[in-house]
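Please keep the sequence and the model in view while working through the numbered points.

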Amino acid sequence: MPQTHAIYAHTGEDVLSSVFQQLDVDDDRLFNITMTFLHEMWDGLNNYGHDMAMIPTFVRSIPDGSEKGTFLALDLGGTNLRVCEVNLHGDKTFSLRQQKYKVSDALKTGEATTLFDYLADSVDAFLTDSGSPNCALPPSLARRNLAEVSDEEDVPYIPLGLTFSFPVEQTALDSGKLLTWTKGFAAKNAIGNDVVKLLQDAFDRKNMHVRCVALVNDTVGALLSRAYTSGGCILGAIFGTGTNGAYVEDMASISKLGRSTAVKEGNLMVVNTEWGGFNNSRSALPSTPYDNKVDRESINPGKQAFEKFISGMYLGEITRNVIVSLIDAAPKPLLFSGHSSKQLNKQWGVDTAVLSEVEEAWEGIGRFVPEDTGSTAEATNAGEGTETSNGTNSTRQPSVQQKLERIRDVIVKRMELPPDSVSLDDADVVRKICTHIAWRAARLSSCAVAAVLFQTGRARLTRGGEETKNTAPLVDEGKRIGVGVDGSLVEHYPCFEKKLRASLRVLVGEDVERRVDIGLAKDGSGVGAALCALVAYRQNMVKQCHTVYEHEVANGVSESRGAEHFACPDSLART
Ligand code: ADP
Ligand code: MG
């Protein structure tokens, strides 16, 4: 294998084909990765403490679009911090007002209290800027768990759902301990602490009347919001700064929960897989020297292995490593006549958005839509080797040379290189590197989706076109399978979903792949947090009704009336 720096080879072609070969993942390997993925899922469902943590979320009901209410949501994603007010209309639609805030590197790596104070300040700023929201918990509900604020009896609290997209071991809908930071965060004195408490303490320090009633991962948010807008969903998946997925699991399969109250209360629960930490041993993943370098220089070496092959935070950095190694190749440089730049020499100097731009320049989409056609040219090829942008010989389509010139402009601008150091051949090499790296990310992503489909009984796995032996009937045979996705990578990277689907078809067969309805969970984090706040509200209402009932039974009041008398009226449960 070549080293990442000081590549030495007789011909440039040898080196390039070796690099591309290393970045390829063949169908057999895809199958093996999926099987390993399933084994790690089962390990995580059986025991605590695995890297792929398979976290029970305590979300036990899935929205159907009829939910109503207005809630605040706070979303700490990795790159963005958003505060939103979400109004669920109860007819599969919602409206949302939001404000984005920046999280500086100093906040990411400083003291946790400073970070959480900043989150509280952002909510405060949002409430101040946008006026008082239409959401408030009645004082009786807001006061539960808050004996210490009994002197504020009549002040209603604003219910807030927190979307917190880091691994948290949840113990209830409104509490969970941070297991580890990911995606470049390393705030001190947070790991092992309850993030809801950290946030609530920050609100309380500032005397804000905001109550964090639900903690939700962005994957769960994507699942719930897609279920709300489309009437059903079994998997929520994120492809943004990081990658992760949450799916609806049969409670009986989550054996690590034992015979807890949650197990007795329902038959399904959403599980947050934390699949970014799949295969940290890298026994199955197709690591190259470029991946090893990214990992070694990251803030969390040896962790989040799967994520480092797939997500927005890393694809640009892998690409940068490949490019730099080709600049440094001996006996002669293989890119940019040996020129590099400050931008290229800097860790994280190439954003994944640059890869998108290179592919858009090639495909003639995004800002590269030809002006005279006025319409988006559909990219036809999900993989490598596209030679025309729409498969026709239309004279209005740019020539290969024109497309490479566009790519050269992107490279010169984004990588800050002198224009005369970038040839059209260089542009072509960079394009192929980008395509290979994105193609590999999409193929690996399909393994996670296939594993969830298999685990939930909705697919059989196929190897080399042959179905593995399994005669059990499929769950929901013939029906649509809802999958909600969110994140800049899946939203903006050209043909990411198309590439993922092509590999999914290899793994689960065409019939199942065709029934997989992948939809963008637009604003999933905000809407999901609002839905989760509603679920918390409902579950608490039910608990409160049960408590009243139990109290009355204990006092001999309710024996003749029966428990159903105290079932929460729908109008109450569906605020
Ligand atoms: P978060 O993870 O904070 O919710 P996003 O979903 O917006 O935020 O993901 C941000 C990540 O997506 C960054 O790592 C960035 O490099 C990447 N990204 C941003 N724009 C694009 C794009 N056009 N194409 C591909 N990746 C992108
Ligand atoms: Mg996000």
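1. Helices (H or I, at least four residues) and strands (E, at least two) are DSSP runs, numbered from the N terminus. With that convention, proline 331 belongs to the loop between α11 (312–327) and α12 (342–345). The peptide bond that joins alanine 330 to proline 331 is cis, with omega at about 5°.

2. This is a predicted model, in which local features need pLDDT of at least 70 and side-chain atom pairs count only at pLDDT 80 or more, while totals for chains, interfaces and linings use all residues. Residues are numbered from 1 along each chain as its sequence is written, chains are lettered from A and ligands numbered from 1 in the order in which they are written, and side-chain values use heavy atoms, with hydrogens and water left out.

3. The protein chain contains 20 helices and 15 strands. Of its 575 residues, 56% count as buried; buried means under 20% relative accessible area, exposed over 50%, and partly exposed in between (1.4 Å probe, protein chains only). A contact means heavy atoms within 4.5 Å. Among the contacts in the protein chain with a separation of 6 or more, 70% are between residues 24 or more positions apart.

4. An open sheet of 6 strands has the order β1-β11-β10-β9-β14-β15, with mixed pairing. Two strands pair if DSSP finds at least two bridges between them. At the edges are β1 (55–56) and β15 (516–520), each of which pairs on one side only. Strand β14 (residues 481–486) runs parallel to β15 and is joined to it by 5 bridges; glycine 482 stands opposite aspartate 517 in β15.

5. Helix α17 (residues 496–508) packs on this sheet and touches β9 and β15, its direction making about 160° with that of β15. Helix α7 (residues 218–230) lies across β9 (235–239), β10 (243–250), β11 (268–272), β14 and β15, at about 130° to β9. Axes are lines fitted to C-alpha atoms, for helices over the stretch in contact, and angles run from 0 to 180 degrees between N-to-C directions.

6. Is strand β5 (residues 158–164) mostly covered or uncovered? It is mostly covered, with 7 of its 7 residues buried. In a regular strand the side chains alternate between the two faces of the sheet. In β5, Ile158, Leu160, Leu162 and Phe164 are buried on one side, and Pro159, Gly161 and Thr163 are buried on the other.7. Strand β5 has parallel partners in β2 and β8. Strand β2 (residues 68–76) pairs with β5 over 5 bridges, and leucine 162 is the bridge partner of leucine 74. Strand β8 (residues 210–216) pairs with β5 over 6 bridges, with alanine 214 in β8 opposite glycine 161.

7. Valine 216 also lies in strand β8. At 2% relative accessibility, valine 216 counts as buried. Leaving out residues up to four places away in sequence, valine 216 touches Leu162, Thr163, Phe164, Gly221, Ala529 and Cys532. The C-alpha atoms of valine 216 and glutamine 170 are 9.2 Å apart, although 46 residues separate them along the chain.

8. A nonpolar core is a set of buried Ala, Val, Leu, Ile, Met, Phe, Trp, Tyr and Cys residues joined through side-chain atoms within 4.5 Å. The largest has 97 residues, of which Phe239, Trp275, Phe336 and Leu453 touch the most other members. Helix α15 gives the most to this core, with 17 residues. A second, separate core of 37 residues includes Leu81, Phe166, Val196 and Val210.

9. Serine 445 is placed in helix α15 (residues 424–455) and counts as buried at 1% relative accessibility. Beyond residues up to four places away in sequence, serine 445 touches Phe239, Phe306, Ile310, Phe496 and Leu500.

10. Helices α14 (residues 400–414) and α15 pack at an angle of about 80°, their axes 8 Å apart. This makes α14 roughly perpendicular to α15: angles under 35 degrees count as roughly parallel, over 145 as roughly antiparallel, 65 to 115 as roughly perpendicular and the rest as oblique.

11. Methionine 54, in the loop between α2 (27–46) and β1, has a positive phi of about 45° and is buried, with a relative accessible area of 0%. Asparagine 279, in the loop between β11 and α9 (289–296), has a positive phi of about 55° and is likewise buried, with a relative accessible area of 0%.
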